[in-house]
Structure formats: C-alpha cells, structure tokens
Amino acid sequence: MPHPNTLMIIGALLFGLGVIGFLSRRNMIVMFLSTEVMFQGVLVNLVAMGMMHGNLQGQMLGLFVLVIAAVEAGLGLAIVVMMYRRVGTLDAEAWRQMRG
Amino acid sequence: MNSQLVYLAYGVAALVALGVYVGLPKEGRCSRRGWVLFALIAALGGLAVLLNRLLSLGADHISFYVLAVLCVGGAIRVVTHPRPVYSALFFVLVVLTAAGLIILVGAEFLGIALVIVYAGAVLVTYVFVIMLSQQSPALDGESASVLNYDRSARRPVWTSLAGFVLMATLVGVVVERDWPSWDEAAASEMAKQNTLAVGRMLMTDYAVSVELAGVLLMVAMIGAIAVARKRLPRGGRDSAGLPPGEIGKHVPPY
C-alpha cells in the first residue's frame, strides 16, 4: 500500500493544475471543468489524510465533498447555459462589465 | 528531514507548470506542441517515480506510478486542450485514475462512488451542456473549427507562474513536514472492511448529514431547473404557427 504522502503530492498537483486552468482558460465550460479537477485534488488529499490518521473521517468528508461537487456542477452548468443564451458566447471575457 | 527532497518536489512542480505553459493554446502556435508535451509528461513521470521511490516506497507499486502519472498528465490535458469535448474526456481519465489511486489505498467505497458520480453523472451533464452551447464556427481551415476564445489562453505566463508557486508550496510542505507516523499493517487491515465500516458510519454517526445531503441535492435540482428554463409565452398564440424546432428560438431570454 503506498504511503499517504505520495497521494498528497498527487492531490496538490491536481489542485494547482485546476487553479491554472481556472485562471487561464476563457471558455466557461473548461473553467468549470478545472474546478472539478480541483475537487479531485481535494478528494485525494482527504482520503490520504484520513488514512494517515487511521480513521474513516477523511473518507466521510470526501463523500460529502462529492455531493457538493455534484450540486455545484448542476447549478453552475445551469448558470452557464443561461449566460450563453444571453450573450451567445461562452467566452468569459464577454462578461467584462462585471469587473466594475 | 527531507531537505534535498524538497528541491526535487519544486522541480516536479516546475515541470508540471512548464508543461501546462507549453500546452496552453496560443494564437499561431507551431504544431510540435504535442511532442514537447509528451516529453514533458515523460520527464514528469520519471521524476514522480524518483520522488515516490525516495519517499520510502519499494519498487512493487508499478500500478501506483502508472496511475499517478496518468492522473497528472490527464489533468494537464484537461487544462490545456483547445476543444472542450476532449477536455471533458480527459477529465474522465483523471476521474478514473484518481478512483484507482483511492481504491489502491483501501478506500474502495469512495473510489466506486467517484466513478459513478463523476464519470457517470457529472460528465454526462458537462457533455450535454457542451452540445447545447457549442457554436459551429465557419469551417474554412484546419484550425477554424476551434473557437477563437479557445485558441488563445488568458495570460499563460502569469497563470502558469502562479500555479507553479501554489504547487511548489503545497508539495514542498507535504514533503518537508513531519507527518504523524503511519501504520501500514493497521491501514491494510482497515481496508479489508472498508465498505462495511463506511456504511455503518454513514448510517449511524452521519445519518443527519446524509439527510441534509439529500435535501441539498433536491434544492439544487429545483434551482437548476428554475435557472435554466426558458419562459414560453402564455397561451401560445404566437408560437402556434411555428414548426416544432423553432418555438424556443423566438423567445427572448428573461
């Protein structure tokens, strides 16, 4: 069985990659996919840390993170569809006026 | 305690960030990008193997190395692929390999739930939204089928740098810190009864949370329907003469 530290490294890399994708891509669907990659990193980290402490709390929290991720995907994608209908593009730069 | 490992970890983070930078779509890119990316992923895999080897692991975890490299490489491709459909497919790869990693360390219930929820449900939602909202651009060239906002990333240098700093910090902390000691025998003993233990815990200690999660899912479902629906005109007098596919297109978004 691999050491939990190695899993934590994978989780950290996944989280950082998701952050890069969220900041750099302009397509709103890909931005949401990047947040899902971040969720994966967090999940892997939770399992690894729960394992390291020798109990199941990490996996429990991971299950509820899974629920939250599903909720986030559903609502976020509904908002993406609505924004696409309004401006006719998925470009996040089209919502430039929200910068204030 | 692992002071020389920290620099190795920084190197891994730098390689990953460099791979993302090379792979991010830019206007007027030469076509060798795929090969450079492949080489970077291979180098990353080598480094990951080295890192894991140094972290008190034997050589008998080939499946772990393969899954880890595939996971990080797939995540790089999710972030960098210019077409959203392929991003979604690479995300399936990330989910499957992450589930494999989780199962490998004994959390089998969570791994299977990950495959069902992510690769099954969430990805179908993503593919539906991509199909609903992807425009069909004019096909007058090879790269013309990729939309222009997918063809150029936003500030690739700075975002890769920020990601490098984040990853290097996280990985460095993971490598450097003195974590509590880990009992492998107890962990593998616990992994044998994983599903039983998780189910028992879910139904006793976390029963209220399970109910709350169900309520939250229903609220989110109703909210998503309320947000994404189209308002059709009441009575249907002006939509009566339209063919079936055209009815929704003549309604302004509210």
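Two residues are in contact if their C-beta atoms, placed from the backbone, lie within 7 Å. Keep that in mind for the tour. This is a predicted model, in which local features need pLDDT of at least 70, side-chain atom pairs count only at pLDDT 80 or more, and totals for chains, interfaces and linings use all residues. Residues are numbered from 1 along each chain as its sequence is written, while chains are lettered from A and ligands numbered from 1 in the order in which they are written.

**Stop 1: chain B**

Select chain B. Among its contacts between residues at least 6 apart in sequence, 64% join residues at least 24 apart. Now show the cartoon. Chain B has ten helices and zero strands. Helices (H or I, at least four residues) and strands (E, at least two) are DSSP runs, numbered from the N terminus. Of the 254 residues in chain B, 30% are buried. A residue is buried if 20 or more other C-beta atoms lie within 10 Å of its own, exposed if 12 or fewer, and partly exposed in between; these C-beta atoms too are placed from the backbone.

**Stop 2: helix 1 of chain A**

Select residues 4–24 of chain A. This is helix 1, with 21 residues. The expected span is 1.5 Å times one less than the number of residues. That gives 30 Å for helix 1 of chain A, and its end C-alpha atoms are 30 Å apart, which agrees. Is this helix enclosed or open? In helix 1 of chain A, 19 of the 21 residues are buried, so it is largely enclosed by the rest of the structure.

**Stop 3: where the chains meet**

Show both chains. The contact takes 63 residues from chain A and 80 residues from chain B. On the chain A side, helix 1, helix 2 (28–52) and helix 3 (57–87) each give two or more residues. The largest share, 21 residues, comes from helix 3 of chain A.

**Stop 4: a helix pair**

Select helix 3 of chain A and helix 10 (residues 207–228) of chain B. Their axes come within 9 Å and cross at roughly 5 degrees. Axes are lines fitted to C-alpha atoms, for helices over the stretch in contact, and angles run from 0 to 180 degrees between N-to-C directions. The two helices are therefore roughly parallel, a label for angles under 35 degrees. Highlight the residues in contact, including A:Phe64, A:Val67, B:Leu216 and B:Leu217.

**Stop 5: B:Met201**

Select B:Met201, in helix 9 (residues 194–204) of chain B. It has 17 C-beta neighbours inside 10 Å, so B:Met201 counts as partly exposed. Leaving out residues up to four places away in sequence, B:Met201 touches A:Leu56, A:Met60 and B:Tyr206.

Technical notes
Parallel < 35°, antiparallel > 145°, perpendicular 65-115°, else oblique.
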